[in-house]
Amino acid sequence: MLLSFKYKLRPNQQQSQKLIQWLDMLRANYNWCLRDRIDGWHQQFICGDYCDLRTQVEITPLTCGITKGTQLANPWKEGGGKAQKEGYKDTSPKRSASLMQDANLQELKEARPWYQSIDIGVLQSIPARVNESFNKFFKGAGFPKFKRRHDFKSFSYKPGRIKIKGNKVYLPKIGWLRFYNSRVIPEGFEIKTVTIRQKVDGWYISVRIENKDIPRFPVIPDSEIKTITGCDMGLGKLVYLSDGSAIDNPRFATHKKAKRLMRIRQRRVSRKQKGSKNRSKAQLRVSKLHNKIQQRRESYQWDVANRIIKRSDAVVVEDLQIQNMMKRCKPVKSESGRFLPNGQSAKRGLNSSIADASWYALTQKLEYLAVKSGKKLYRVNPRHTSQTCSKCKHIDKDSRNGEKFICTNCGHIDDANLQAARNVKVKAIETYKLNIVKKIKSKMVRRDSSKPVQLNLFEVELYERSSVNTLPLKGKRRVGENPQGKQLSLWDI
Ligand SMILES: [Zn+2]
């Protein structure tokens with residue numbers, strides 16, 4: 001089982017200065033590696049053609065020139081390390097770009113001795129990180145970007161490098177750091193990769209721990225799913241569930257109070273002189289508020305996700321394209337070429353509400369919890385879920401009127417959002433062919449007698465008491481004996 005625990009670090013002043021220094025140096029190295037890869041690609045990109053066979057560029061393998069592009073010398077693996085081990089099959093005699101950059105770290109340390117103060121594992125993770133971002137690019141993500149100080153905030157140690165003892169953690173080349181030991185690492189777990197991250201309110205450490213003896217929960221097969229909950233994400237309420245309940249949306253960033261506070265703090269930034277210390281102080285206050293809002297949202301979403309997952313064997317959500325939902329309205333032009341109002345100003349408010357609800361993050365949490373507890377999360381196409389009548393399956397845009405849903409075909413009346421949640425559930429059952437047990441609503445039946453008996457309004461069942469002593473010894477007045485020897489009546493108690 002692989003888990004991830006997060007703690008807040010308590011570095012002293014020297015240590016936090018060192019951490020900041022490391023970040024700067026690592027960032028410089030990251031940018032250098034990225035520049036090297038880009039230049040390498042441009043050199044192989046001859047006459048607008050990057051097919052190696054046609055351009056006949058030397059020392060490039062027959063694979064894509066982009067992945068392997070770097071300007072560093074010595075692209076061949078020299079027998080050593082893993083290659084010498086028995087049974088290890090090396091598929092390519094050539095080093096990949098990230099391996100070449102990795103080998104080049106030796107020279108970097110000689111040229112810039114201050115890099116020796118960084119742990120080697122951390123330094124080696126940088127070319128790997130550049131490589132990873134290129135791999136993502138080849139799979140369809142954006143082109144890797146050069147990192148600036150604000151978007152390079154973390155570095156990681158390789159497995160088995162750090163030690164934890166009580167409320168102290170040992171980071172190689174930095175030393176023992178104190179941290180808030182908010183949750184104990186369970187016994188038998190091994191510490192894997194450790195990431196140090198700088199946030200507005202300090203440094204954090206996230207520890208990945210693994211215990212191979214504990215198996216992951218087996219995922220429940222489709223045939224065994226008995227109960228299922230459909231979810232429809234919304235703004236008025238955060239989640240509408242198919243059983244008719246809904247979960248509140250606290251609007252952490254867009255409720256009136258938060259918006260006002262944010263506006264005030266941002267105004268304070270804008271009125272300070274550019275580049276001044278006061279401005280950066282004010283800016284810090286803005287980012288602290290952002291951080292606080294985000295932390296609140298995170299914690300709330302974990303709570304919500306837990307509540308939803310616990311309900312049933314499986315959960316269904318809509319596969320929303322949130323990026324498309326948050327697109328700007330298309331500009332409208334009149335015949336004379338002037339721009340007409342296109343409703344963007346109203347859309348802006350909606351967009352910020354959508355961003356605040358962060359449905360995607362909630363879905364991710366649902367997915368994580370589902371895997372962790374051996375349950376299942378289904379995604380269905382959101383098409384027509386809010387326009388279909390759950391009774392007669394009639395699809396009509398006009399059926400929905402704001403919060404209300406009135407079917408134009410059969411006249412079925414329902415809450416529009418709850419209706420949609422029910423449709424999502426039905427859609428999942430149909431697309432994945434699930435066998436859901438239907439709940440039979442039991443009628444209220446008198447249990448105490450076979451025939452209903454009407455009790456007289458004034459008829460009260462009385463229990464006879466033989467003597468005072470058998471009365472329950474309860475209440476202060478019953479404690480001790482009766483001094484006058486007076487017989488207590490039932491009402492004296
Ligand atoms: Zn209908």
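A residue is called buried when its relative accessible area is under 20%, exposed when over 50%, and partly exposed in between, using a 1.4 Å probe and protein chains only.

## Getting started

Welcome to this structure, which is a predicted model: local features need pLDDT of at least 70, side-chain atom pairs count only at pLDDT 80 or more, and totals for chains, interfaces and linings use all residues. Residues are numbered from 1 along each chain as its sequence is written, and side-chain values use heavy atoms, with hydrogens and water left out.

## The whole protein

The protein has 12 helices and 17 strands. Here helices (H or I, at least four residues) and strands (E, at least two) are DSSP runs, numbered from the N terminus. Of the 493 residues, 32% are buried.

A contact means heavy atoms within 4.5 Å. Among contacts with a separation of 6 or more, 64% join residues 24 or more positions apart.

## Helix α8

Let us look at α8, which covers residues 277-311. Its 35 residues should span 51 Å at 1.5 Å a residue, and this agrees with the 52 Å between its end C-alpha atoms; the expected span is 1.5 Å times one less than the number of residues. Buried residues of α8 include Ala-282, Val-286, Leu-289, Asn-291 and Ile-293, and Arg-297 and Tyr-300 are also on that list.

## Where α8 meets α11

Helix α8 packs against α11 (residues 359-372) at an angle of about 50°, and their axes are 9 Å apart. Axes are lines fitted to C-alpha atoms, for helices over the stretch in contact, and angles run from 0 to 180 degrees between N-to-C directions. The two helices are therefore oblique to each other: angles under 35 degrees count as roughly parallel, over 145 as roughly antiparallel, 65 to 115 as roughly perpendicular, and the rest as oblique.

On the α8 side, the contact includes Glu-298, Trp-302 and Ile-308, while α11 brings residues including Lys-365, Leu-366 and Tyr-368.

Ser-242 lies in the loop between β9 (237-241) and β10 (246-248). With 10% relative accessibility, Ser-242 counts as buried. Beyond its neighbours within four places in sequence, Ser-242 touches Ile-228, Thr-229, Gly-230, Ala-421, Arg-422 and Lys-425.

Asp-24 sits in helix α1 (residues 13-44). Asp-24 is partly exposed, at 25% relative accessible area. Although Asp-24 and Phe-152 are 128 residues apart along the chain, their C-alpha atoms are separated by 8.5 Å.
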